[in-house]
Amino acid sequence: MPDTQPSFKHLIIIGAGIAGLCAAFYCRDLFDEITIFDPDPLSATSWVAGGMLAPVTESHFGESPLTTLNLEAARIFPEFLSDLQGVSGCTVDHQVGGTISVAKTRSDLIQLDQLAQYQLTLGLKTEKVSVSQLAELVPKLSSTLAGGYIVPQDTLVGPRSLLTCLGRMLEIFNIEIVQQQVLSIEVARDKSFELSLGPSGKVQASHIVLAAGCGTRSVPVQLPQLPHSSLPIRPVRGQILRLQPQAQFRFSSGVFIDKIVRGLVDGRPVYILSRADGEVAIGATSEEAGYNVANTFEGVFELMRAARDVLPAIMELEIVALESGLRPTSPDNLPVIGPLWPQLFVSTGFYRNGILLGPKSGALARDYFVSGNVETQYKIFSPQRFFNNSSH
Ligand SMILES: Cc1cc2nc3c(=O)[nH]c(=O)nc-3n(C[C@H](O)[C@H](O)[C@H](O)COP(=O)(O)OP(=O)(O)OC[C@H]3O[C@@H](n4cnc5c(N)ncnc54)[C@H](O)[C@@H]3O)c2cc1C
């Protein structure tokens, strides 16, 4: 790797999940060289995600800034997919059948009604449907549900096909992934950066995107006014099951269900989705379990029970895998997107919406590196909110 001179623009991206890969995609023509550091690329949380692009069903009370960002992220997603497929020559699994949100009990339905009222005040499209309409929309649904909603806007992407396409894009643009962990970032006097690596020393960069997901906290940044600052990102575990339907349980198109089904079952949320290749996923728990990525009896049992109550036909399917991932989450549950220091852009804290937010965060990194600014509406997501004494 060449020594970085101030005039040589070398972007180092820390982390090869959806955040880091989308930063590489959007910044691919801005730098003399781009290098990604990740000891375990394309395999962490982004690899196990459900892949719902759900600005509507993921909008919750008190999260309107996030909903605005999610809506913008969903708006640019189709163009991003089209560009990515064009440059990589790969196909991403993207399904646009919408979401059906169902309630098991009267009390679950009251919760869905309250959420729908809130979503309508934000101008989001969600429509109440009767139990008989639900049976027409998704014939495999339980006949004892209390009611539900249809949300046409939410779509589904296959995270593995998406990451595979992004990996192919890296090869085409000669963006190298170095399988090493970054231990710290230091700001040098000439305003470039020095990154400490494991066994092989140090490397310099003129620009950085810090996108290390739940590893972000363990990459301290030594800033002149603020030695050893670490971003307070915590892991929130999500367990998910993958199942394979036999031929007799599929539509002629090969899928088990052609819409995302979200259930509220005795107060517990569950979702069931079907990929283009037929595989079905049941997700996902949301647990404060530290960095433990184990699947637990309770987590898997509760997901299976809730899925059965919503879609009884799922009991016939064969289990392929139990998986789990750690959602990178900030103290206020909002994403962390923006500069921490000039030319050091942070892209993390995506929590439940990281697949959706990946392209938008990459586009924001590009805009920042080009203009030196972040639009006012996105400043609420700045990493500087965690460092009151910072002068930037
Ligand atoms: C079960 C489950 C279901 C989900 N479903 C959805 C969904 O339907 N829709 C949605 O939008 N989102 C969903 N999410 C959330 C989404 O998956 C995450 O928000 C997103 O994947 C986070 O992406 P990331 O790139 O920040 O992190 P990651 O994918 O975890 O990538 C971070 C990378 O950084 C690397 N790294 C860490 N430390 C270092 C270091 N020191 N040096 C170098 N590299 C480092 C890691 O090895 C890793 O490869 C789900 C999450 C889970 C767990």
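The model is a predicted one. Its chain is divided into domain 1, covering 1-94 + 156-232 + 330-392, and domain 2, covering 99-152 + 234-329.

**Domains and their interface**

- The centres of domain 1 and domain 2, taken over C-alpha atoms, are separated by 29 Å, and the contact takes 36 residues from domain 1 and 31 residues from domain 2.
- About 2600 Å² is buried between domain 1 and domain 2, and carbon and sulfur atoms give 63% of that area.
- On the domain 1 side, Met52, Cys214 and Tyr351 supply 24% of the area buried against domain 2, which is more than any other three residues.
- Between domain 1 and domain 2 the count is 2 salt bridges.

**A salt bridge**

- Glu58 and Arg262 form a salt bridge in which the closest N and O atoms are 3.2 Å apart.

**Helix H1**

- Helix H1 (residues 18-27) is largely enclosed by the rest of the structure, because 10 of its 10 residues are buried; among them are Ile18, Leu21, Phe25 and Tyr26.

**Surface features**

- Met304, Ile319 and Leu322 make a nonpolar surface patch of about 250 Å²; of these residues, Met304 lies in helix H7 (residues 297-310) and is partly exposed, with a relative accessible area of 36%.
- Lys379, found in the segment after helix H8 (354-371), is partly exposed as well, with a relative accessible area of 48%.
- Lys379 and Ile337 are 42 residues apart in sequence, while their C-alpha atoms are 8.3 Å apart in space.

Technical notes:
Residues are numbered from 1 along each chain as its sequence is written. This is a predicted model: local features need pLDDT of at least 70, side-chain atom pairs count only at pLDDT 80 or more; totals for chains, interfaces and linings use all residues. Side-chain values use heavy atoms; hydrogens and water are left out. Helices (H or I, at least four residues) and strands (E, at least two) are DSSP runs, numbered from the N terminus. Buried means under 20% relative accessible area, exposed over 50%, partly exposed in between (1.4 Å probe, protein chains only). Patches are made of residues with over 30% relative accessible area and no salt bridge: like charges are joined within 9 Å, nonpolar side chains (Val, Leu, Ile, Met, Phe, Trp, Tyr) within 5 Å. Accessible areas come from the Shrake-Rupley method with a 1.4 Å probe; for residues, only the protein chains shown count as cover. A salt bridge is a side-chain nitrogen of Lys or Arg within 4 Å of a carboxyl oxygen of Asp or Glu. Domain bounds come from an automatic or database domain assignment. Contact means heavy atoms within 4.5 Å. Buried area is the accessible area (1.4 Å probe) that two parts lose on being put together, summed over both.
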